[in-house]
Amino acid sequence: MLPQILIAVFVIVLTSLLCKIGHFLYKRSKRRHNVSPDVVILYQIGRGPFAPSVSPFPLKLETFLRMTKTPYVNDHSAKFSSKRKTPWMEYDGKSIADSQFCVEYIKKKRGIDASKHLSPAERGIARAFQKLAEENLYWTMCLEMFGDDISTVKKVIPYTGIKLWFTLWFLRRVIKQETWGHGIGRHTPDEVWSIAVDDMTAISNFLGDKDFFMGPEPSEVDCAMFGMLVMILWNMPDSKHEKYAKEHLPNLVEYCERMKARFWPDWDEHILTSDRYQNDDGKIYFKEPGDSIFRSED
């Protein structure tokens, strides 16, 4: 009799769990925001405790939307694209994955060019530095955050308990595989750190005393550089990257403050630990021509 009761309890619990999982997946699959086709739905993983995102790529894309005053609405449900990537977007009835593909699609669809004031040679330099940051420096940051000491990343990921444990386990596994495939994960920690120092120094040296990365006015590359540097300066507390940048590369800190003032005057409203935090899931930015970034959906 007892085994039958245990089996019945197990079936009930399992059925309840499957129902909850099914309901969760159903909600994740539904389009949550009923907006016009000319409004970008930006899918990202949610806000962070120290910066508007815990990843450089959502911050890059959202900064680009702000720079170009493209109407957009955030979806912080952490819904992934068909490529299993985030951030991604829905725009004009089409789903686009990968932050740079999103940028390129918006530029083509809206006929805009945030780098129109740059020469062909300057565009080439901008692309080279963006790839240095996104395809090289970024992986040194991942190895620093998800290596043997994960105390830093625990301060940034806004989860607790089993959800935090599983997220860290999964991310460390993925990053180990990806950095090994990239090649940088085959180096010693000292060798990886030398790459990070050289990359950060190169970015600092090129920036110099310019207001923005390519000159007195911002351009598309600033979105990517800002996204990456914010991770170092805000989302890697007490890390070697943060300490080195703040101690030896002060112009990177000043640059990020200028970008914040220009495109994120509402920064504190998007920080989970701020008293001014406001959940902007569903809020439409730049709904009408001339709108400020503070206009709400209503």
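User: Which word describes D266 and R66, buried or exposed?
Analyst: This is a predicted model, in which local features need pLDDT of at least 70 and side-chain atom pairs count only at pLDDT 80 or more, while totals for chains, interfaces and linings use all residues. Residues are numbered from 1 along each chain as its sequence is written, and side-chain values use heavy atoms, with hydrogens and water left out. A residue is called buried under 20% relative accessible area, exposed over 50% and partly exposed in between (1.4 Å probe, protein chains only). By that rule, D266 and R66 are both buried.

User: How many residues apart in sequence are the parts that D266 and R66 tie together?
Analyst: D266 and R66 form a salt bridge whose closest N and O atoms are 2.8 Å apart; the term requires a side-chain nitrogen of Lys or Arg within 4 Å of a carboxyl oxygen of Asp or Glu. Helices (H or I, at least four residues) and strands (E, at least two) are DSSP runs, numbered from the N terminus. Because D266 lies in the loop between α10 and β5 (284–285) and R66 in helix α2, the pair ties together parts whose separation in sequence, in residues, is 200.

User: What separates E242 and K246 along helix α9?
Analyst: E242 and K246 form a salt bridge, with the closest N and O atoms 3.0 Å apart. E242 counts as buried at 11% relative accessibility, whereas K246 counts as partly exposed at 44%. Because they stand 4 residues apart in helix α9 (residues 240–248), their separation is about one helical turn.

User: How many salt bridges does a search of the whole structure find?
Analyst: Among the charged groups, R47, E62 and D280 are linked in a network of salt bridges. R276 also forms a salt bridge with E269, the closest N and O atoms being 3.6 Å apart; R276 is partly exposed at 46% relative accessibility, and E269 is buried at 11%. For the whole structure, the number of salt bridges found is 14.

User: How far apart in space are M200 and A133, C-alpha to C-alpha?
Analyst: M200 is found in helix α7 (residues 189–207) and counts as buried at 0% relative accessibility. Leaving aside neighbours within four places in sequence, M200 is in contact (heavy atoms within 4.5 Å) with L137, W193, I232, H241, Y244, L249 and L252. M200 and A133 are 67 residues apart in sequence, and their C-alpha to C-alpha distance is 8.5 Å.

User: What is the relative accessibility of K260?
Analyst: K260 lies in helix α10 (residues 250–263). Not counting residues up to four places away in sequence, K260 touches F226, W234, P265 and W267. K260 counts as buried because its relative accessibility is 15%.

User: Which residue in the turn between β3 and β4 has a positive phi?
Analyst: Two strands pair if DSSP finds at least two bridges between them. Strand β3 (residues 88–91) pairs with β1 (residues 40–43) in the antiparallel sense over 3 bridges, and 4 bridges join β3 to β4 (residues 94–97), also antiparallel. I41 has E90 as its bridge partner in β3, and M89 has I96 as its partner in β4. The β3–β4 hairpin has 2 residues between its strands, and the turn residue with a positive phi, about 55°, is D92.

User: Which residue is joined to T86 by a cis peptide bond?
Analyst: The bond has an omega of about 10°.
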